[in-house]
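Hi,

Here is the structure for you to look over. Could you open it alongside my notes below?

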Amino acid sequence: MITLIQFPWSPFCITVRRMMERHKIPHRVKNIPSHNREAVINATKGRAYTVPCLTDSKTAVGDFTDFGQEVARYIDRKHKLGLFPRDKEGIQAILARYIENDLEGVGFKVDDSYVIPTRPLVERTMLIRHKERKFGKGCVAQWTRDRAKLNRQFAELLKPLDNMLAGSDYLVADRPLFVDYDLYGIVENYLFSGKTKLPPLKQLQRWHRAMSRR
């Protein structure tokens, strides 16, 4: 059986988890503390240290590249989900970069400002250290102060996707493809704390309800 090694709030773990849930793929979930990647490192024999990481019998898959979709593509190939049709590769690549760079780059700051303070002391401290090494001293406190502005930015970045959904049930096809799950992961990360809600974008809210159904 497939085991997904994850942080529960990670947008990219949520993406993979939702793919398996929606397609009723049997799997287990192994939550690990964000500061201890030993399970990932051991599973991949040192080739990866990020989540999501997937083990399937003797196979271990991580997102080894900067624009990692290896875990999602492994599940897609094995279970013949058809989430990466050849004629949609170009538009999916363009959309995924927008979703994972521009949108996620704002949404995770809101989520971190709520989630990090709730983690156990050692994990919380190590998370803050990790964020400050990348974004500067006091960044989490700054994101907390900037929540209202970040929420507005997130809503603005969602508007082009809401416009796309006005003409289609899903982003690029009449069924969910990878980019729908990708967007779902970023949106659910933003909503993870329970302190935020979707902006009043009618098409996006309709899409989110559809993507949330079992």
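**Loops, helices and salt bridges**

Let's start with K45, which counts as exposed at 74% relative accessibility (buried means under 20% relative accessible area, exposed over 50%, and partly exposed in between, using a 1.4 Å probe and protein chains only). Before the rest, note that this is a predicted model: local features need pLDDT of at least 70, side-chain atom pairs count only at pLDDT 80 or more, and totals for chains, interfaces and linings use all residues.

K45 sits in the loop between α2 and β3 (helices are DSSP runs of H or I with at least four residues, strands are runs of E with at least two, and both are numbered from the N terminus). P52 is in the loop between α2 (38-43) and β3 (53-56) too, and a cis peptide bond with omega of about 5° joins V51 to P52. Past β3, have a look at S57, in the loop between β3 and β4 (59-62). S57 is another non-glycine residue with a positive phi, near 60°, and S57 is exposed, with a relative accessible area of 70%.

Now the overall picture. The chain has 9 helices and 4 strands, and they run β-α-β-α-β-β-α-α-α-α-α-α-α along the sequence. The chain's radius of gyration is 17 Å, close to the 17 Å that the globule rule gives for 214 residues, so the chain is as compact as a globular protein of that length (the radius is taken over C-alpha atoms, and the rule is 2.2 Å times the number of residues to the power 0.38). The C-alpha trace spans about 45 × 45 × 30 Å along its principal axes, and buried residues make up 48% of the 214.

Helix α8 (residues 178-191) is worth a click. Of its 14 residues, 13 are buried, so α8 is largely enclosed by the rest of the structure. From first C-alpha to last, α8 reaches 20 Å, close to the 20 Å expected at 1.5 Å a residue (that is, 1.5 Å times one less than the number of residues).

Next, charges: I find 8 salt bridges in the structure (a side-chain nitrogen of Lys or Arg within 4 Å of a carboxyl oxygen of Asp or Glu). R17, R18 and E21 are linked in a network of them. R17 and E21 pair at 4.0 Å, N to O, and lie 4 residues apart in helix α1 (residues 11-22), about one helical turn. R18 is buried at 2% relative accessible area and R17 is buried at 18%, whereas E21 is partly exposed at 24%.

Another bridge pairs E89 with R73, with the closest N and O atoms 3.1 Å apart. E89 lies in helix α4 (residues 89-115) and R73 in helix α3 (residues 70-79), so this pair ties together parts that are 16 residues apart in sequence. E89 is partly exposed at 28%, and R73 is partly exposed at 26%.

Cheers

Note on methods: Residues numbered from 1 in each chain as written. Heavy atoms only, no water.
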